[in-house]
Amino acid sequence: MIIIGLDIGGSMTKSILIENGEIRGSVQVTASGPLVSAAGAIGKITEDLGVELSSIDLISCTGGGSREIGSSFLGLKTVKVDEIEAIGLGGLALSGLSEAVVSSIGTGTAIVSVRKEGNNVTTRHLGGTGVGGGTLVGLSKLLLNRSSIEGFFELARKGNFRNVDLTIMDIVGGPIGRLPADTTASNFGNVRDGTRLEDIAAGLLNMVGQVIGTVTYFAAKAEGLEKKIVFIGSLPTIKEFSEILTSTVSLLGGNAIIPEMASYATALGAAIKAKKQIKSLFK
Ligand SMILES: Nc1ncnc2c1ncn2[C@@H]1O[C@H](COP(=O)(O)OP(=O)(O)OP(=O)(O)O)[C@@H](O)[C@H]1O
Ligand SMILES: [Mg+2]
């Protein structure tokens, strides 16, 4: 049995191919309209793995763009999986946890609580924030004249957020309680004339990571799951960003996991959901 999990996101489309319960491969393509991206992601993964299109049993679609997919696509049977459920299932599968708060950092950010009891998995959309990967891309275009995420990170790696953020050290000259001296007191609160683009980029990365880390922590804390936070999506796979997420969460008293295949968690969740339903699908 071969299933492709397909996550047609606002920025990128991800596909993952599962054969007899094992992940055989994954690819991502940049979004250029849902149908083109879906065809591209399916075409590339089958080519890469040398799998015949006709041997695919099912395409399980999720993500905002999946609304444009009908009951079959490229002659293959399709099902649609609610994105919140896919986020929860994928986050659990990749983290190995049986309960968690999964924060999906895509173009925007969605926060989901998920609990598994026996074969039953319940997911709940806790909320989220419009601050996400799209925010970085947009502000990078506006403020830094960089339209690609690679260009943005190239700048950010050469910058230092301490040159734009106001830290606790700047205000009180040392740590406050459990907060170390270099904790941000105000993002961009210390900007001076002639600030370098590199430092602005580092400050943006810091602000976006801290906002998402903080919002996720409080959502997880309200669920009693602050020690079981899982970040997924494309951005958390970038080391500099993942470090901001994990340090923000741990400073607040939580614990964050970023699974290796974080970009593919939602696509995997879609495939897992379809697999659970497989008997009824093929009746
Ligand atoms: N090659 C890349 N590696 C890591 N991050 C990237 C890459 N390209 C873009 N990004 C960042 O990741 C964001 C997209 O993340 P992701 O693919 O998880 O979102 P999406 O699933 O398309 O969006 P959503 O879930 O909100 O519909 C972009 O907005 C950008 O900030
Ligand atoms: Mg997504």
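Where is the place of Gly159? Select Gly159 and you will find it in the loop between helix H4 (149-158) and strand S10 (166-167), where helices (H or I, at least four residues) and strands (E, at least two) are DSSP runs numbered from the N terminus. Before going further, note that this is a predicted model, in which local features need pLDDT of at least 70 and side-chain atom pairs count only at pLDDT 80 or more, while totals for chains, interfaces and linings use all residues. Residues are numbered from 1 along each chain as its sequence is written, and chains are lettered from A and ligands numbered from 1 in the order in which they are written.

Stay with Gly159, which is buried, with 21 other C-beta atoms within 10 Å; a residue counts as buried if 20 or more other C-beta atoms lie within 10 Å of its own, exposed if 12 or fewer, and partly exposed in between, with C-beta atoms placed from the backbone. Leaving aside residues up to four places away in sequence, Gly159 touches Arg196, Glu198, Asp199, Ala201 and Ala202, contact being C-beta atoms, placed from the backbone, within 7 Å. If you then select Arg67, 92 residues apart from Gly159 along the chain, the two C-alpha atoms are separated by 40 Å.

Next, select ligand 1 and the 21 residues around it, of which Gly9, Gly106, Gly133, Gly233 and Ser234 come nearest; a residue is near a molecule if its C-beta atom, placed from the backbone, lies within 6 Å of it. Helix H3 (residues 133-144) gives the largest share of this shell, four residues. By class the shell has six nonpolar, 15 polar and no charged residues, with Gly counted among the polar ones. Colour the model by domain, using bounds that come from an automatic or database domain assignment: ligand 1 lies between domain 1 (2-95 + 264-281) and domain 2 (109-262), because both give residues to its shell.

Now show the open sheet of five strands, whose order is S9-S8-S7-S12-S13 and whose pairing is mixed; two strands pair if DSSP finds at least two bridges between them. At the edges are strand S9 (120-129) and strand S13 (256-257), each of which pairs on one side only. Select strand S7 (residues 99-105), where six of the seven residues are buried. S7 pairs with S8 in the antiparallel sense over seven bridges, the two forming a hairpin with three residues between them, and Ser103 has Ile111 in S8 as its bridge partner. S7 also runs parallel to strand S12 (residues 229-232), joined to it by four bridges; there Val101 stands opposite Ile229 and Ser104 stands opposite Ile232.

Finish at strand S4 (residues 58-62), where five of the five residues are buried. In a regular strand the side chains alternate between the two faces of the sheet. Both faces of S4 are covered, with Leu58, Ser60 and Thr62 on one side and Ile59 and Cys61 on the other. Strand S1 (residues 2-8) pairs with S4 in the parallel sense over five bridges, and Ile3 stands opposite Leu58. Strand S6 (residues 76-80) also runs parallel to S4, through three bridges, with Ile59 opposite Thr78.

Note on methods
Contact = placed C-beta atoms within 7 Å.
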